[in-house]
Amino acid sequence: MNNAQEAIQDNNAVATMPVDLVPGFTSKQSLELALKAANILAKSSLVPKEYQGNVPNCVIALNMAARMNADPLMVMQNLYIVHGRPGWSSQFLISTFNTSGKFSALRYEWVGEEGKDSWGCRACALEKATGEKLVGATVTIDLAKKEGWYTKNGSKWQTMPQQMLMYRAASWFIRAYAPELAMGMHTAEELQDAITLDASEYEVKVEQEIQQHANTEVIDIEESAPQQESQPEQAAPADPGF
Amino acid sequence: MIDVLVLASSSKGNCYRITDGSTPLLLEAGIQFKEIQKRLNFRISDMAGCLISHEHKDHSKAVPDMMKAGVNCYMSQGTVESLGIDGHRIHVIKAKQQFQLGTWTILPFETQHDAAEPLGFLMVNQGGDKLLYATDTYYIRYRFAGLTHVMIECNYSLDILRANVAAGLVEPALKNRILKSHFSLEHVKDFLKANDLSKVREIWLLHLSDGNSDAERFKREIQELTGKPVYVAG
């Protein structure tokens, strides 16, 4: 069978699938559809590199997109791998919440004084079905310091504290009131803060050795020192075999 | 004036051509000989010599062909023995015994790598340029005065390496090997801070790891630290 025939057969196979079928793991047909779509996406140079040529990753993204009623490419672009664990971008999680239809858009209530440890915020929103105001837990700079997020190497808490306060307050709120949206995953920023990569014992040992011996002696070329003559053979002809 | 041409710089192969305008030299021969020929416009015989830091293939692959082509190769006794080579084109050099090669005076020094007798090179030419070449070493024991050109390995960053181990991309055993054989960004910074860089005109970062480095970041951070032009080889 040539490529054109295969494509026609594939198209026919897709065409015979139920119209409400979504790619995922719910049935054989659902998985077949996911595989077909994943094969197309994996060949695209527009998807992030974690998905290029990686059909299984694409199937997972398609399944998530279907469950969240989101566009697969959007899911791919907003799912980050942090130290080997997947995490949503905070922006995406907030956007998913805002467009869920169940709540009003997230807003923030600020506490304390900007620049002080007491500075912080909490996220809030209205539940549309009941009109109830829902309020999340308060996140402050003091808390970020106590949890060790603020002082971590490369921490964004020091360079963009307001953004980090809002992102953290939002992710806590969403996990408290709409955990189904995050699908059990944390945000990429939370993973960055939570995963501590401690120095191994071996690392400490090597570091001690380096600190003890590195850059300790001075050496230099002696101008008057007797030198081993090693004259170059300038423009020497190639002498294969010698 | 020193001119540096990077033929290759990675764990797949290393080879650099340096010249002061009078004496062109090769540093390492860790790629296919044909590739070296091609990159040098088939003017291999113009090379006054080739310095080999150690026996690992990514530094020595083309040594037999270089010798056949009439290029003198300079390396330690440990490197010669590990390579199992012999011939009049081999010149055995020793750490802290300087020698002359054309217009270059070269002082080899010990480096710290999992090889038999690895060396780095401090090189001065008649124009007063002083070049440091050090690769495949997890630290340098020495400090150097009056450097004008620094060619130094900057293989990995500890935070990237740790993250790759956590992600299962790097085996812990490989991480330990890297820690004790290659120069990290953090230790390169310590080295540069410990040396007088007032005359340095160029810093070349060599032998960046494929998976444990970030060329843009390394360049930026070394530039910020030193205020010197920084080039990433490769």
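Rings of Phe, Tyr and Trp (its six-membered ring) are taken as a pair if their centres lie within 6.5 Å, with planes under 30 degrees apart counted as stacked, over 60 as edge-to-face and the rest as tilted. Over all chains, a search of the whole structure finds 16 aromatic pairs. The structure is a predicted model, in which local features need pLDDT of at least 70 and side-chain atom pairs count only at pLDDT 80 or more, while totals for chains, interfaces and linings use all residues. Residues are numbered from 1 along each chain as its sequence is written, chains are lettered from A and ligands numbered from 1 in the order in which they are written, and side-chain values use heavy atoms, with hydrogens and water left out.

Chain B has eight helices and 14 strands, where helices (H or I, at least four residues) and strands (E, at least two) are DSSP runs numbered from the N terminus. Of the 234 residues in chain B, 63% are buried; the term means under 20% relative accessible area, with exposed over 50% and partly exposed in between (1.4 Å probe, protein chains only). Contacts are defined by heavy atoms within 4.5 Å. Among contacts in chain B between residues at least 6 apart in sequence, 57% join residues at least 24 apart.

One of the aromatic pairs is formed by A:Phe173 and A:Tyr177, which is tilted because the ring centres are 4.7 Å apart and the planes lie at 45°. Both residues belong to helix α8 (residues 161-177) of chain A, and because they are four residues apart, about one helical turn separates them. A:Phe173 is buried, at 0% relative accessible area, whereas A:Tyr177 is partly exposed at 33%. In chain B, the rings of B:Phe109 and B:Tyr142 have their centres 6.1 Å apart and their planes at 80°, so this pair is edge-to-face. The pair links distant parts of the chain, with B:Phe109 in strand β8 (residues 104-110) and B:Tyr142 in strand β11, 33 residues apart. B:Phe109 is buried with a relative accessible area of 0%, and B:Tyr142 is buried at 1%.

Ring pairs link B:Phe109 and B:Tyr142 into a cluster with B:Phe144, B:Phe183 and B:Phe191. B:Phe191 is located in helix α7 of chain B and is buried, with a relative accessible area of 1%.

Grid points are joined across faces, edges and corners, and a volume is the space filled by probe spheres set on the points. One cavity of 30 Å³ or more is counted, and the largest cavity holds about 40 Å³ of space. Its lining consists of A:Ile210, A:Ala214, A:Asn215, B:Tyr139, B:Ile140, B:Phe183, B:His187, B:Asp190 and B:Phe191. Helix α7 (residues 185-194) of chain B supplies the largest share of this lining, three residues. By class, the lining has six nonpolar, two polar and one charged residues, where Ala, Val, Leu, Ile, Met, Phe, Trp, Tyr, Cys and Pro count as nonpolar, Asp, Glu, Lys and Arg as charged, and the others, Gly among them, as polar.

The second largest pocket has a volume of about 290 Å³. It is lined by 16 residues, of which B:Ser11, B:Leu174, B:Arg177, B:Ile178 and B:His182 are the closest to its centre. Helix α6 (residues 172-179) of chain B gives the largest share of the lining, three residues. The lining of this pocket comprises four nonpolar, eight polar and four charged residues.

Positive phi values in residues other than glycine include that of A:Asn69, near 55°, and that of B:Lys96, near 65°. A:Asn69 lies in the loop between α3 (55-68) and α4 (72-78) of chain A and is exposed, at 74% relative accessible area. B:Lys96 lies in the loop between β6 (90-92) and β7 (99-101) of chain B and is partly exposed, at 42%.

Conventions. On a 1 Å grid over the protein atoms alone, a cavity is a set of points where a 1.4 Å probe fits but cannot get out, and a pocket is an open set with protein on both sides within 12 Å along at least five of seven lines; lining residues have an atom within 4 Å of a point.
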